[in-house]
Every structure is written in structure tokens, then in C-alpha cells.
Amino acid sequence: MTKKNGLKENIRLSATLASELSSTSPIVLGGDPAENIRILSDLGYDGVELHWGDPSHIHLQKIIETCDKYGIVISAFATGRAYVQEGLSLIDDEENKRQSAVKRLLEFVDVASKFQSTVIIGCIRGNLNSSENYDYYLKRLAQSTLTVAEYAADKKVQIVFEAINRYENNYLNTAAETLDFIKRYNLPNTKVLLDTFHMNIEDANMSKAVHDCGKMLGYVHFADSNRHYVGAGHINYKEIATALKSIGYEGFISAECLPLPDSNTAVRKWIEGVKATF
Ligand code: LER
Ligand code: MN
């Protein structure tokens with residue numbers, strides 16, 4: 001594993017990139033991928049996390065050429081924009097729409113398999129109409145996710161399922177719920193994604209959540225309590241770093257934070273904050 005970040009741990013650092021910025025999304029970099037990848041490389045990042053709703057819309061050729069030039073990898077493909085922009089949901093009551101969401105994730109897996117990247121399942125899980133039908137919809141989510149996870153296992157692509165706070169998704173909010181979902185339905189090749197911004201809202205004890213996931217932790221997003229860069233809020237990152245070290249975490253930690261006060265400052269301060277923490 002090549003690593004540029006200088007941490008002694010086998011942890012690689014990545015940052016979120018989309019075609020454009022939005023003031024409400026935690027995408028730290030937007031616009032020209034080549035320029036953004038160069039900026040990440042200069043700062044000592046190892047990877048880039050791509051946020052597009054449809055993998056066929058990503059100018060991958062340009063991204064790959066630049067990644068190769070600077071020794072950067074595509075850490076993960078995030079898929080939530082397919083829900084936010086097109087309404088694709090893994091629990092849709094309309095079977096053809098549910099299948100469209102599954103098909104989209106299979107397309108992401110196909111692309112990810114070329115780059116040994118992870119595929120993130122976050123808000124594409126959709127939202128429940130009512131909490132009374134929790135078990136019914138959880139089973140439907142498991143059925144959808146199983147199709148994706150089995151396909152991904154064949155292609156050696158890791159799937160990570162993200163615990164997301166209640167104000168964005170109305171189920172699977174805590175680390176424990178997300179871990180239990182993966183285990184209960186025996187989802188192959190699927191691990192948990194913990195995002196410190198969501199954990200700060202949902203998990204009573206953030207380092208316990210990391211310990212409870214243990215080897216089932218597959219990917220991490222770092223954004224501070226206000227969703228700014230690491231160090232801009234009140235999350236105790238020392239405790240989280242200690243927990244990650246003690247479970248022997250060896251995956252990516254990605255900067256999924258707001259581009260504030262501006263993208264360049266946010267990516268610089270984020271990596272300085274992480275290095276000061278480990
Ligand atoms: C996705 O990783 C996430 O954390 C969501 O909150 C994006 O809005
Ligand atoms: Mn996240």
C-alpha cells in the first residue's frame with residue numbers, strides 16, 4: 001500500500017470531490033478534478049472520494065490520468081446523490097423504482113472494481129413512510145443490499161453501509177443499528193461506515209461505537225460537530241484516534257466536510273487537524 005500522508009498508522013486519507021460545490025452538502029472540493037487532485041497530492045492526501053449520482057457521468061479518464069500522475073487512488077464512490085437528485089431508493093414501494101436503485105449500485109460496483117475502490121451505501125437506503133413498518137422495510141432494504149453485496153463480493157469490491165443521523169435518514173442512525181443490520185442479514189463483503197458528524201448526534205459514546213464495530217469498520221468520514229474541518233468544532237478527535245488505533249483500523253479516513261471558509265483552507269486545515277490528532 002502506498003501512502004503519502006506521513007502517519008505511522010496504516011491509515012490513508014482522502015477527501016470528497018464532486019462536479020460542483022453546494023453550500024449545504026459536505027463536499028469539500030468541486031470543479032476541475034485535475035486541479036483538485038493536484039491540491040490533495042500537495043497536501044499529502046492519498047485518495048479522492050467521488051460523489052456523483054451516476055457513474056456514467058464521471059469523467060473518469062481525466063480523473064484516472066491525474067490520479068496516476070500524482071499517486072492518488074479513488075478511495076470510494078459515494079452514491080447518495082442518486083437519491084437526492086433522482087429519488088432512487090432501495091426501499092421504494094414501486095418495484096421497478098427499487099430495481100433502478102439496485103441497478104445503479106451494481107453500475108457503481110462495476111466501475112469501482114476497476115480501481116479496487118469501495119462503494120458507499122448511505123442515503124440511497126431511502127426513508128420510511130412510517131416507523132410502524134420498520135421490520136417490513138428493513139427486510140426489503142436487506143433484499144436490495146444483498147443483491148448488491150453478493151455482486152460486489154464476486155468483483156472483490158467492498159461495500160460500506162453508513163450510519164446517518166435522524167435529520168437526514170429516519171432509520172439506521174446509530175453505529176449499533178447499522179452493525180446489527182449487516183450481521184442480522186449476513187450481508188457479505190459489507191462493513192460499517194462511521195461518520196463523526198452523524199456519530200456526534202446519534203452515538204452516546206463515540207469511541208465505544210468504534211470499538212463495537214471493530215474489524216467490521218470499513219471506512220470513516222471525519223467532519224467536526226459543525227460539519228467543518230477537523231478541529232473547527234468540539235468533537236474529541238484524540239479519543240476517536242485512540243479507538244481507531246486500538247481496533248487496528250487500516251482503512252481510509254475521508255474529509256467529508258463543508259468547503260468552509262473555502263475549499264483550499266478546509267482541505268489544508270482538515271489534514272493538519274488529523275495529523276495533530278494521531
Ligand atoms: C454521506 O456520507 C453523508 O454523510 C450524508 O450526510 C451526506 O449528506
Ligand atoms: Mn458521511
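Where does proline 261 lie? I looked this up first in what is a predicted model. Proline 261 sits in the loop between strand E9 (252–255) and helix H10 (263–277).

**Another loop**

I turned to asparagine 186, which is in the loop between helix H6 (175–184) and E7. Its phi is near 50°, a positive value in a residue that is not glycine.

**The metal site**

Next I looked up the manganese ion (ligand 2). Its coordinating residues are Glu162 (OE), Asp195 (OD), His221 (ND1) and Glu256 (OE), at 2.1 to 2.2 Å. I found six donor atoms with angles of 70 to 171° among them, and the site is octahedral. Along the sequence, the donor residues follow the spacing E-x32-D-x25-H-x34-E. Glutamate 162 belongs to strand E6 (residues 159–162) and aspartate 195 to strand E7 (residues 190–195), so this pair ties together parts 33 residues apart in sequence.

**Two helices**

Last, I followed helix H4 (residues 95–114) and helix H5 (residues 134–154), whose axes come within 9 Å and cross at roughly 25°. Angles under 35 degrees count as roughly parallel, and H4 and H5 are therefore roughly parallel to each other. H4 passes H5 in a right-handed crossing. I listed some of the contact residues, including Val102, Leu105 and Leu106 of H4 and Ser144, Thr147 and Val148 of H5. The residues of this contact divide into seven nonpolar, three polar and three charged.

How values were computed: Residues numbered from 1 in each chain as written. Chains lettered and ligands numbered in written order. Predicted model: local features only at pLDDT ≥ 70, side-chain atom pairs only at ≥ 80, totals over all residues. Heavy atoms only, no water. Axes fitted to C-alpha atoms, helices over the stretch in contact; angles between N-to-C directions. Helix = DSSP H or I, 4+ residues; strand = E, 2+ residues; numbered from the N terminus. Parallel < 35°, antiparallel > 145°, perpendicular 65-115°, else oblique. Left-handed = near helix turned anticlockwise from the far one by under 90°. Contact = heavy atoms within 4.5 Å. Nonpolar A, V, L, I, M, F, W, Y, C, P; charged D, E, K, R; others polar. Donors = N, O, S within 2.8 Å, 3.2 Å for Na, K, Ca; no water. Tetrahedral: all angles 85-135°; square planar, octahedral: opposite > 155°, others 65-115°.
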